Amino acid sequence: MRRFHSFYLLVFLIGLCLFLISCGEKTTPEEETDQMAKKNEMKEEPKMDIQKQTFGQMPDRQQVDLYVLTNGKGLSAKIMTYGATLVSLGVPDRNGDIADITLGCDSLEGYMAASPYFGSTVGRYANRIAKGKFTLEGVEYTLATNNGENHLHGGIKGFDKVLWQAEPFREEKMVGVKFVYFSKDGEEGYPGNLACTVTYMMTENDELKIIYEAETDKATPVNLTHHSYFNLAGQGEGNILSHELLLDADKYTPVDAGLIPTGEIRDVADSPMDFTTPHTIGERIDQVEGGYDHNFVLRSGGGALVLAARVYEPKTGRIMEIHTTEPGIQFYSGNFLDGTITGKAGKVYNQHYGFCLEPQHFPDSPNKPDFPSTILEPGAKYLSRTVFKFSIN
Ligand code: GLA
């Protein structure tokens, strides 16, 4: 009899254990939600970050570093210390697919050999100075004439071709890199020792901000800008003629055959230069000799940070807005791209495969007293801000 009771006791205990185990497995809907939430927390969410990599080595064996900025929402930027150059800019489209929207090269050697200022920081004086000459405080200065009879983009070895020192930083809602360069008195023919910084910042609001600062010990022209070639459909993905452009500019500065402003400030109204309402870049480009390569006079007059340009690419839905404190913006439709450059990912860059929008003071201002002054005096601070903001439609 005792054995009989032990058997049923054992069966009961096994049943009890199975019951308790099954209870432990059952979860209430609330518990399931909590478990899902915990699983999600464990999933690696992309986050705002900055990483340093090596990009290449200069002929004198100095290392060129690359800084990779990500904002955790799909925007990414890679910036190298050679020329404080934006090497790539990853931007999501309306489907969330990310493309690099800036033209460039796969290697440092590519940039050093053939880059027409792809993504570069340009200076000491961006754009042209007629015949490479200007007079300041009674002294005539002679610069390199590296663009026909004129001086372009700071000369033979402008700021795009020097090695900047980099200081990465993080803040709560942004990551960035501060690039520093000391341009010596007489460099490329310019007067004065000029201490420059260019700070790139990426924000959680899908902005790439650039702040330019400089100080000098002798009066000198200064006009710094950013020189990316953009294609919002993706770099190398055809021409940019179907991009829609808006420019907040009622006037522009007409130029001569050497692309030097004549000094006139002309209305854009009733002309192919009028982008005060959106037009595709290609709609009237044939009416502009050589394509667009002009300084537009912004309504703001410079000083405040205001919207200067908006570009929309209809196939992908990408929108790029440019805000700047500069009084002008150079719109260049990639006229000199001619298929001789093979860029990133083996893409061949044909004519109009990228456009530039270079916030700036006007070209040849040191020789145009009626244009806003670009002369930085000792004791004054040069400050210029530009923001590239990305969105989709
Ligand atoms: C600027 C100039 C253009 C061209 C490019 C570089 O955009 O306005 O004329 O020189 O730089 O190729």
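**Close-up views, one legend at a time**

**View 1. Thr 199 and what it touches.** Skip residues up to four places away in sequence, and Thr 199 touches Phe 169, Val 177, Lys 178, Lys 209, Ile 210, Ile 211 and Glu 213 (a contact means heavy atoms within 4.5 Å). This is a predicted model, so to speak of local features takes pLDDT of at least 70 and side-chain atom pairs count only at pLDDT 80 or more, while totals for chains, interfaces and linings use all residues. Residues are numbered from 1 along each chain as its sequence is written, and side-chain values use heavy atoms, with hydrogens and water left out. Look for Thr 199 in strand β13, which covers residues 194-203 (helices are DSSP runs of H or I with at least four residues, strands are E runs with at least two, and numbering starts at the N terminus). Is Thr 199 buried or exposed? Thr 199 has a relative accessible area of 7%, so it counts as buried (buried is under 20%, exposed over 50%, partly exposed in between, with a 1.4 Å probe and protein chains only).

View 2. How far is a polar side-chain atom of Asp 293 from an oxygen atom of the ligand? For Asp 293 the distance is 2.3 Å. His 153 also has a side-chain N or O atom placed 2.8 Å from a ligand oxygen, and for a polar side-chain atom of Gln 330 the distance to a ligand oxygen is 3.2 Å. On its own, the ligand would expose 300 Å², and the protein buries 95% of that (areas by the Shrake-Rupley method with a 1.4 Å probe; for residues, only the protein chains shown count as cover).

**View 3. His 294, in strand β21.** The strand runs over residues 293-297. What does His 294 touch beyond its neighbours within four places in sequence? The partners of His 294 are Tyr 252, Val 255, Met 273, Val 288, Ile 329, Gln 330 and Phe 331. Gln 330 was in the ligand view too, with a polar side-chain atom 3.2 Å from a ligand oxygen. His 294 counts as buried because its relative accessibility is 10%. His 294 and Leu 259 are 35 residues apart in sequence, yet 8.0 Å apart in space from C-alpha to C-alpha.

**View 4. Ser 228, in the loop between β16 and β17.** Strand β16 spans 225-227 and strand β17 spans 244-247, with Ser 228 in the loop between them. The relative accessible area of Ser 228 is 1%, so this residue is buried. Which residue's side chain joins that of Ser 228 in a polar contact of 2.7 Å? It is His 226 (a polar contact pairs N or O atoms within 3.5 Å; within protein, one must be able to donate a hydrogen and the other to accept it, and residues adjacent in sequence count only if both atoms are side-chain atoms). Leaving out residues up to four places away in sequence, Ser 228 touches Leu 86, Thr 102, Gly 119, Phe 355 and Cys 356.

**View 5. Backbone angles at Arg 124, Asp 206 and His 352.** Start with the peptide bond from Gly 123 to Arg 124, which is cis, with omega near 15°. Arg 124 belongs to the loop between β6 (120-122) and β7 (128-129). Move on to Asp 206, which isn't a glycine but has a positive phi of about 60°. You'll find Asp 206 in the loop between β13 and β14 (207-216), and its relative accessible area of 18% is why Asp 206 counts as buried. His 352 has a positive phi as well, near 65°. The loop that holds His 352 goes between β26 (348-349) and β27 (356-360), and at 12% relative accessibility His 352 is buried.

**View 6. Pro 59, in the loop between β1 and β2.** Those strands cover 48-57 for β1 and 63-71 for β2. Pro 59 comes out as exposed because its relative accessibility is 70%. Between the C-alpha atoms of Pro 59 and Glu 109 there are 9.5 Å in space, and 50 residues in sequence.

**View 7. Stepping back to the protein as a whole.** Among contacts with a separation of 6 or more, 65% link residues 24 or more positions apart. The accessible surface is about 18300 Å², and carbon and sulfur atoms account for 54% of it.
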